[in-house]
Amino acid sequence: MNFREHFLAACLGLVLPAVAVIGPASAAADAGTKTNETARTAAAVMAVDQHWLEAEVSGNTAWLDAMLMPDYRTVGAGGKVGDKAAILRSAAKNRGSDTMRIQVDVWQKAHPTRQSVVLHGDVAILSFSDPGSGRILSSDTFIYKDRGWHALYSQHAKVE
């Protein structure tokens, strides 16, 4: 699970998704440069994840609705299943508020993660791991469709 998902699932008891690509390019987190989110590259998948985080904390449900597959599912560390509708409801609550953004920023600083992407044709698996232990915390599965990455499935582990 990426920092967003860990924070929201572990600290707030919410079940959230992963990542995908659609819409305008977002800023790359590490270099401040623009990454083409529609490219079939690992960098594009990671840029979409950053865009997803921004969409969730800002309440951009239109972008999330376009990025998430209709049958998207997420499985939390406790085995609870979530779906697209739950993510959209959760994100809508963040619209017009900086509360979630502040909470996520604090959580991210306390829980660094390492991202890795495996690409296989039109499928990408984005995994988030603990940089110290190497333990996988979350994995998100994306498919490339209609010139963009779309989240299909996420699986999360408990943060220890």
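Predicted model: local features only at pLDDT ≥ 70, side-chain atom pairs only at ≥ 80, totals over all residues.
Close-up 1. A search of the whole structure turns up two aromatic pairs.

**Close-up 2. The pair formed by Trp52 and Tyr72.** Here the ring centres of Trp52 and Tyr72 sit 6.1 Å apart with the planes at 75°, so we call this pair edge-to-face. Trp52 belongs to helix H2 (residues 42–58) and Tyr72 to strand E1 (residues 68–75), so the pair ties together parts that lie 20 residues apart in sequence. How buried is Trp52? Its relative accessible area is 0%, which makes it buried. Tyr72 also comes out as buried, at 0% relative accessibility.

**Close-up 3. Back to Tyr144 and Trp149, ring against ring.** For Tyr144 and Trp149, the ring centres are 5.1 Å apart and the planes meet at 75°, so this pair is edge-to-face.

Close-up 4. Which residues make the nonpolar surface patch? Val118, Val123 and Ile125 do, and together their patch covers about 220 Å². Ile125 is found in strand E4, which spans residues 123–129. With 34% relative accessibility, Ile125 counts as partly exposed, because that label goes to values between the buried limit of 20% and the exposed limit of 50%.

Note on methods
Residues numbered from 1 in each chain as written. Heavy atoms only, no water. Patch = residues over 30% accessible without salt bridge, like charges linked within 9 Å, V, L, I, M, F, W, Y side chains within 5 Å. Areas by Shrake-Rupley, 256 points an atom, 1.4 Å probe, with all protein chains shown as cover. Salt bridge = Lys/Arg side-chain N within 4 Å of Asp/Glu carboxyl O. Helix = DSSP H or I, 4+ residues; strand = E, 2+ residues; numbered from the N terminus. Buried < 20%, exposed > 50% of the residue type's maximum accessible area, 1.4 Å probe, protein only. Phe/Tyr/Trp six-rings, centres within 6.5 Å; stacked < 30°, edge-to-face > 60°.
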